[in-house]
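Whole-protein totals come after that.

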Amino acid sequence: AKELVEKQIEEAKKIDSWLLKFFINDKRNLMFDEAWNDIDLENFNNALNIANELKNYETIDTGISEVKKKVDLQNLFGRIYSGQKKYQNAIDSYLLALDILNKSFEKDLESENTILNNLALAYNNIGENELANKYIKLATKRKENVNQDDFSLITNYNNRAALAMIEEDVL
């Protein structure tokens with residue numbers, strides 16, 4: 001699919017087509033998918049290369065669609081760094097994602113909840129139990145208020161319980 005989109009981009013550039021931006025967006029989405037697949041396969045170095053390449057696709061647009069892509073990219077970096085056990089880098093990426101969300105005029109509570117969960121898990125991995133609990137409680141409370149699908153809420157409760165059990169083991 002990626003090769004097809006690249007050919008479409010080449011053709012659109014040749015004829016100065018209005019479709020070019022859509023093809024570029026398609027390629028960007030395919031690159032995200034490829035990076036997530038690499039994370040699932042624990043191919044973190046390739047995922048990192050793709051994530052670094054994705055930086056070139058960011059725009060100055062402040063609409064929710066672009067904000068979500070920027071947040072997704074920082075989440076991607078965070079997940080890669082967590083997979084590489086570079087937890088401080090992961091935390092920095094998650095905090096940057098939250099900063100992007102906080103500066104946005106439009107809110108994306110689902111992305112924010114994902115970032116808060118990932119941030120809690122990263123803090124837990126470096127032994128910062130108080131910060132881990134702070135962020136997992138915040139994520140759970142927001143999820144309860146938004147009242148989205150039950151699966152996401154169950155995931156939040158599971159993460160919260162896992163962090164509580166780890167904290168008890170430490171005490």
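I started with axes, which are lines fitted to C-alpha atoms, for helices over the stretch in contact; angles run from 0 to 180 degrees between N-to-C directions. Helices (H or I, at least four residues) and strands (E, at least two) are DSSP runs, numbered from the N terminus. My model is predicted: local features need pLDDT of at least 70, side-chain atom pairs count only at pLDDT 80 or more, and totals for chains, interfaces and linings use all residues. Residues are numbered from 1 along each chain as its sequence is written, and side-chain values use heavy atoms, without hydrogens and water.

Entry one: the pair. I looked up H4 (residues 64-83) and H6 (residues 109-125). Their axes lie 11 Å apart, at an angle of about 20 degrees. H4 and H6 are therefore roughly parallel to each other (angles under 35 degrees count as such).

Entry two: the contact. I counted heavy atoms within 4.5 Å as contact. From H4, Lys-68, Val-71, Asp-72, Asn-75 and Arg-79 meet Ser-111, Thr-114, Ile-115 and Asn-118 of H6. By class, I noted 2 nonpolar, 4 polar and 3 charged residues where H4 touches H6. Here Ala, Val, Leu, Ile, Met, Phe, Trp, Tyr, Cys and Pro count as nonpolar, Asp, Glu, Lys and Arg as charged, and the others, Gly among them, as polar.

I found 8 helices and 0 strands. The C-alpha trace spans about 65 × 35 × 25 Å along its principal axes. Of the 171 residues, 41% are buried (under 20% relative accessible area, 1.4 Å probe, protein chains only).

Definitions and conventions:
Angles under 35 degrees count as roughly parallel, over 145 as roughly antiparallel, 65 to 115 as roughly perpendicular and the rest as oblique. Buried means under 20% relative accessible area, exposed over 50%, partly exposed in between (1.4 Å probe, protein chains only).
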